[in-house]
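I opened my notebook to go through a protein model one feature at a time. Here is what I looked up, in the order I wrote it down.

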Amino acid sequence: MMDFTFTPHIMWLLLLALAALVGISLGGSDGPRGVALPFVFDPKATCDPPCKHAGICIRNNTCFCSRGYEGETCQFANCYPKCKNGGECLRPGKCRCPSGFGGKFCHRVVCDAGCWNGGECTAVNGEAKCICPSSWTGSRCQDAICPQGCKNGGICVAPGICSCPDGWIGGACHTAVCKKPCVNGGKCVSPNTCRCRGLFTGPQCEERKKLY
Ligand SMILES: *[C@@H]1O[C@H](CO)[C@@H](O)[C@H](O)[C@H]1NC(C)=O
């Protein structure tokens, strides 16, 4: 096939000249009809709708497309290799990728917001998703998992690590803190609150109940 590296107009003139030459040589002999051109070229041909993207009208309603385009009126750009994963060929060799895919041919899975904490971007049923390591979760693997749970308003800030509100401590924020310790066997049951045993009372269970 001919390769269009010239501008279409120069090419058009060249083809005309070639057609004329072939016509002359054939006119003078009894040799077989037909031309050596790769297509039948009619300089009076009209194409409606016209050929797009510098395609040449070689016969009525037949376009010869320049490199990188195809289709009846050369309306479609072509991309080789083809755009993958539903990508659209925008112009020769240039794919527009749907969200979730990237790379020159839309062949790469792309998680737009990224995957954190060692998460891996993977196509799941044609959709880009982060596959998270076991101790992280969330669409970007942004949320740590605390298997023990974080109680009393604690927040899981890293795998297995709770950040506890004031007054609570422990791996799951399950232990209350009494700034003044509970005495006489009293138990700190919530921040600065003692539950007293038996005969004791008072904020720290330091008093003996009065017996009447
Ligand atoms: C091409 O179309 C024109 C205009 O419609 C017509 O006059 C001509 O005969 C056609 N040529 C061929 C080869 O059919």
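**Starting with a cysteine**

I began at Cys 95, which is buried, with a relative accessible area of 8%. In these notes, buried means under 20% relative accessible area, exposed means over 50%, and partly exposed is in between, with a 1.4 Å probe and protein chains only. Before going on, I noted that this is a predicted model, where local features need pLDDT of at least 70 and side-chain atom pairs count only at pLDDT 80 or more, while totals for chains, interfaces and linings use all residues. I also noted that residues are numbered from 1 along each chain as its sequence is written, and that side-chain values use heavy atoms, with hydrogens and water left out.

Which residue is the disulfide partner of Cys 95? I found Cys 83, with the two sulfur atoms 2.2 Å apart. The torsion about their S-S bond is -90 degrees, and the link is left-handed. This pair links distant parts of the chain: Cys 83 sits in the loop between E4 and E5, Cys 95 in strand E6 (residues 94-96), and they are 12 residues apart. Cys 83 counts as buried too, at 18% relative accessibility.

I looked up the total and got 15 disulfides in the structure, a disulfide being a pair of cysteine sulfur atoms within 2.5 Å. I followed two more of them.

One joins Cys 182 to Cys 194, S to S 2.1 Å. I read a torsion of about -85 degrees about this S-S bond, so the disulfide is left-handed. Cys 182 is buried at 18%, and Cys 194 counts as buried at 15%.

The other joins Cys 65 to Cys 74, again with S to S 2.1 Å. Its torsion is about -90 degrees, so this disulfide is left-handed. I checked burial here as well: Cys 65 has 18% relative accessibility and counts as buried, and Cys 74 counts as buried at 0%.

**The chain as a whole**

How many helices and strands does the protein chain have? I wrote down 1 helix and 20 strands. Helices (H or I, at least four residues) and strands (E, at least two) are DSSP runs, numbered from the N terminus.

Of the 212 residues in the protein chain, 24% are buried. The accessible surface comes to about 14,100 Å², and 56% of it belongs to carbon and sulfur atoms; accessible areas come from the Shrake-Rupley method with a 1.4 Å probe, and for residues only the protein chains shown count as cover. Among contacts between residues at least 6 apart in sequence, 11% join residues at least 24 apart, where contact means heavy atoms within 4.5 Å.

**A hairpin**

I then turned to strand E9 (residues 120-124) and strand E10 (residues 127-131), which pair in the antiparallel sense over 5 bridges. Two strands pair if DSSP finds at least two bridges between them. Ala 123 has Ala 128 in E10 as its bridge partner. E9 and E10 form a hairpin with 2 residues between them, and Asn 125 in the turn has a positive phi of about 50 degrees.

**Backbone entries**

I kept one reminder: most residues other than glycine have a negative phi, and most peptide bonds are trans.

Where did I find positive phi in loops? Asn 61, not a glycine, has phi near 55 degrees and is in the loop between E1 and strand E2 (62-64). The bond from Asp 48 to Pro 49 is cis, with omega near 5 degrees, and Pro 49 lies in the loop between helix H1 (8-27) and strand E1 (56-59). Another cis bond joins Tyr 80 and Pro 81, with omega about -5 degrees. Pro 81 is in the loop between strand E4 (76-77) and strand E5 (88-91).

**A charge over a ring**

Last, I looked at Trp 116 and found Arg 140 over the face of its ring, at 4.9 Å from the ring centre. A charge sits over a ring if NZ of Lys or CZ of Arg is within 6 Å of the ring centre and within 35 degrees of the ring normal.
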